[in-house]
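Here's a quick tour for anyone opening this structure for the first time.

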Amino acid sequence: MAGLTVSPGVAVHVRALKEVASVTSLKVALTFLGAGLQLLIARILGPEEFGKYASVIAFVSPLAAVSTVGFQQTVLRFSSLLRANGHRRGIIDLMMVATVATCSAGLIFAALIVLVGTYRGPTRDLSALLIGSTLIPLGGLSLLLGSLLRAVELPLAAMLPEPLCRSIGLALVLAGWAGGLLHLDSMYVLLATVSSLLVAVSWSSWRARTAISAIPQRTGNSVFNTELVRATGYAFLLLIANVIATRTIAALLASVLPPQEFAAYAVATRLADLLAVPTWGATLLVAPRFASLSAGEAPYLVTDLLRQSRRTATVLSTIPILLTLGFAEPLLGVVGPSYTAAAPVLRILALKVLILALIGPTLAVLTMCGAERTAALLMTVFGVLAVASTSILAVHWGGIGGALGQSAVEIAVAVSCLHLLTRRFSRWPKAVQQASGEIR
């Protein structure tokens with residue numbers, strides 16, 4: 001953003017990396033708790049009912065991400081700069097516009113889901129879809145608030161409310177079932193998911209208001225300029241392309257596979273998500289630092305931060321991934337015998353997570369350094385290729401084909417972003433590179 005500069009200290013990336021292990025460890029604990037409860041519910045419900053629940057989530061999750069219309073990325077990047085420059089009013093204005101846009105888009109998507117469900121007829125699946133549609137605007141708001149809290153350097157507040165509330169909600173449902181108060185089915189699990197997300201969004205809203213009120217107001221220029229609008233537009237294009245490239249396969253499989261088969265695929269992806277928590281946590285925590293460093297007086301520290309975050313994520317995730325590769329069937333068998341058929345899917349996704357950890361958060365670095373247009377165009381190309389390739393693979397090989405297509409696309413994107421970053425870093429002045437070497 002024109003007129004916004006920051007002056008980070010040389011040791012800022014060291015402090016960020018020290019936070020990665022502690023914050024990510026807590027996130028790992030909560031994620032494992034939530035996933036454990038969800039896998040227990042999958043065992044109790046059985047493939048049929050759990051497949052219904054997972055199918056609804058597969059449809060509404062991409063729409064929740066798209067409902068942010070690019071502001072999830074914009075709020076993260078520009079709020080970090082606005083905070084560093086003491087522009088509280090600018091953050092408030094940006095969040096007001098982003099919230100209105102996200103809520104409007106989320107409600108439109110939810111209405112479309114209702115119309116589609118009504119057209120198909122008043123069935124029990126329609127009821128689940130109607131309840132699940134409320135996750136679209138709530139999910140968009142949750143992503144938006146998470147970006148803001150990360151930008152003001154409150155990673156715990158950004159990362160913990162949603163998984164903590166979800167775990168509590170699932171635990172209450174299980175307690176009601178164990179106490180004979182309710183008959184556990186997909187509808188109750190959906191209701192618990194919606195309720196927990198509503199509580200998490202409410203708490204995050206309160207925490208965000210408190211954090212913004214503590215930011216000084218030193219400048220008063222409008223934040224709405226050509227760069228912000230252009231960045232939001234490219235971020236929206238990037239978001240759509242990313243959803244197409246990485247999330248459409250789940251919705252496609254939910255459409256073509258019976259609930260029992262899709263349930264096995266969904267359980268495998270849940271376990272793979274656990275393996276990705278260290279990589280995801282490191283990326284989530286340090287992403288705002290990339291924006292500050294690239295805009296300030298020490299852009300050479302971006303390479304150091306990328307290298308160290310990649311190393312941290314790889315160390316934390318390698319052993320769990322290797323254990324998963326060797327014991328995929330027993331892990332799935334703990335959930336239920338009918339889920340072990342997804343062992344090849346789990347192994348493919350585990351290898352993908354390991355490769356992405358070795359490559360590093362290159363897409364996040366590229367966007368945080370202001371290359372939204374390049375990232376958006378790159379993801380658009382891969383998104384088109386993903387739809388074509390994974391559709392063919394999924395139709396012929398089911399979940400295995402879907403996992404292969406999705407993994408190939410995500411790895412190709414990460415490698416391409418790494419190549420672009422390498423070229424970008426090579427153009428830095430020699431004096432800057434020498435300074436980097438002296439500091440290290």
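## Helix H5

Helix H5 covers residues 135–151, which makes 17 residues. In this predicted model, H5 stretches 24 Å from its first C-alpha to its last, close to the 24 Å expected at 1.5 Å a residue.

Most of H5 is tucked under cover, with 15 of its 17 residues buried.

## Thr 193, on helix H8

Next, hop over to helix H8, which runs through residues 186–213 and holds Thr 193. Is Thr 193 buried or exposed? Thr 193 counts as buried because its relative accessibility is 10%, and the cut-off for buried is under 20%.

So what does the side chain of Thr 193 sit next to? One of its polar atoms lies 2.8 Å from the backbone oxygen of Val 189. If you skip the neighbours within four places in sequence, Thr 193 is in contact with Tyr 53 and Leu 135. Leu 135 ties back to the helix we began with, since H5 spans residues 135–151.

## A nonpolar patch on the surface

Now for the outside. Ile 319, Leu 323, Phe 327 and Leu 331 make up a nonpolar surface patch, and together they have about 400 Å² of accessible area.

Ile 319 is a handy member to look for, sitting in helix H13 (residues 301–326). With a relative accessible area of 57%, Ile 319 is exposed, because that label applies over 50%.

How values were computed. Residues numbered from 1 in each chain as written. Predicted model: local features only at pLDDT ≥ 70, side-chain atom pairs only at ≥ 80, totals over all residues. Heavy atoms only, no water. Helix = DSSP H or I, 4+ residues; strand = E, 2+ residues; numbered from the N terminus. Buried < 20%, exposed > 50% of the residue type's maximum accessible area, 1.4 Å probe, protein only. Polar contact = N/O pair within 3.5 Å; in protein donor to acceptor, adjacent residues only side chain to side chain. Contact = heavy atoms within 4.5 Å. Patch = residues over 30% accessible without salt bridge, like charges linked within 9 Å, V, L, I, M, F, W, Y side chains within 5 Å. Areas by Shrake-Rupley, 256 points an atom, 1.4 Å probe, with all protein chains shown as cover. Salt bridge = Lys/Arg side-chain N within 4 Å of Asp/Glu carboxyl O. Expected span 1.5 Å × (residues − 1).
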